[in-house]
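Hi there,

Here is the structure I promised to pass on to you. Please open it beside this email, and then read on for what turned up in it.

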Amino acid sequence: MESWKFRRLVFAVFFILIPFSMLFHYPPIGGEKARIMRVSGAILTLSSSIFALYVHSLFPKTHDRPSDFRRLMEDGPYRYVRHPFYSAFIVMGFGIALWFLSVPGLIAYAFMILLWEKLAGLEENELIEHWGDEYREFMKTRGRFFLRPEVKR
C-alpha cells in the first residue's frame, strides 16, 4: 500500500478519536487533579496544533509522494526528528485526552502510536527508494518521532 493511502486512514482514526475522548470519561476525575489535567491538555493540544501547522507549512502544495519534494527536508524541525508532523499529532492526541479527562481516550491515543509507527515505516521505505543513501544517513542522525540521545561515532 502506498503510504498516502494509509496516511488518510491514520488521520481519519485520529480525528474519530476526538469525539470518543470527549464522550467517554471513566473513571470520573474531579477536583484539583481534573483542573491540572484540563489545563495541561489544553496547553499540549494548542501548542502541538500550532507546531503541526508550522511543519505542514514547510511542505509543497502537493506532498503525497517523496517526488513531490525538491529536496530532502533536513532543516527546521527536521534537524531533530524524521517525522515532526507526526510527533505533533502524537502529543496532540494525549493533550486531547487529558483536556477531556478521558482515560479511554488516553488508552486509544496510546494505541494510535502503533498506527503512526506503521505509517512512518511505510513512508521511510518510500523515502529510501527515492532518496537512497542520503535518507539512510539522515535516519542514522535523528529519532523517528522524538529526540534521541546522541549517537557515539
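To start with, is F89 buried or exposed? F89 is buried, because its relative accessible area is 7%; buried means under 20%, exposed over 50%, and partly exposed in between, with a 1.4 Å probe and protein chains only.

Before you go further, please note that this is a predicted model, in which local features need pLDDT of at least 70 and side-chain atom pairs count only at pLDDT 80 or more, while totals for chains, interfaces and linings use all residues. Residues are numbered from 1 along each chain as its sequence is written, and side-chain values use heavy atoms, leaving out hydrogens and water.

**Aromatic rings**

The structure holds 20 aromatic pairs. Rings of Phe, Tyr and Trp (its six-membered ring) pair if their centres lie within 6.5 Å; planes under 30 degrees apart are stacked, over 60 edge-to-face, and the rest tilted. The pair of F11 and F89 is edge-to-face, because the ring centres are 4.9 Å apart and the planes stand at 90°. This pair links distant parts of the chain, 78 residues apart: F11 is in helix α1 (residues 3–23) and F89 in helix α3 (residues 84–99). Helices here are DSSP runs (H or I, at least four residues), numbered from the N terminus.

F11 pairs with W116 too: their centres are 5.2 Å apart and their planes at 75°, so this pair is also edge-to-face. Since F11 lies in α1 and W116 in helix α4 (residues 103–131), the pair ties together parts that are 105 residues apart in sequence. F11 counts as buried at 12% relative accessibility, and W116 counts as buried at 1%. One aromatic cluster includes F11, F89 and W116, along with others such as F59 and F85.

**The nonpolar core**

In soluble globular proteins, nonpolar side chains tend to be buried together. A nonpolar core is a set of buried Ala, Val, Leu, Ile, Met, Phe, Trp, Tyr and Cys residues joined through side-chain atoms within 4.5 Å. The largest one here has 32 residues, and F14, F85, Y86, F89, Y109, M112 and W116 touch the most other members. Helices α1, α2 (31–57), α3, α4 and α5 (133–141) each supply at least two residues of this core, with the largest share, 9 residues, coming from α4.

Leaving aside residues up to four places away in sequence, F85 touches F11, A52, V55, H56 and F59, where contact means heavy atoms within 4.5 Å.

**Salt bridges**

How many salt bridges does the count come to? The count comes to 11, a salt bridge being a side-chain nitrogen of Lys or Arg within 4 Å of a carboxyl oxygen of Asp or Glu. In one of them, the side chains of R8 and D64 meet at 3.8 Å, N to O. That pair links distant parts of the chain, with R8 in α1 and D64 in the loop between α2 and α3, 56 residues apart. D64 counts as partly exposed, at 22% relative accessibility.

Another salt bridge joins R136 and D133 (3.0 Å, N to O). Both lie in helix α5, 3 residues apart, about one turn of the helix. R136 counts as partly exposed at 38% relative accessibility, whereas D133, at 55%, counts as exposed.

Happy exploring!
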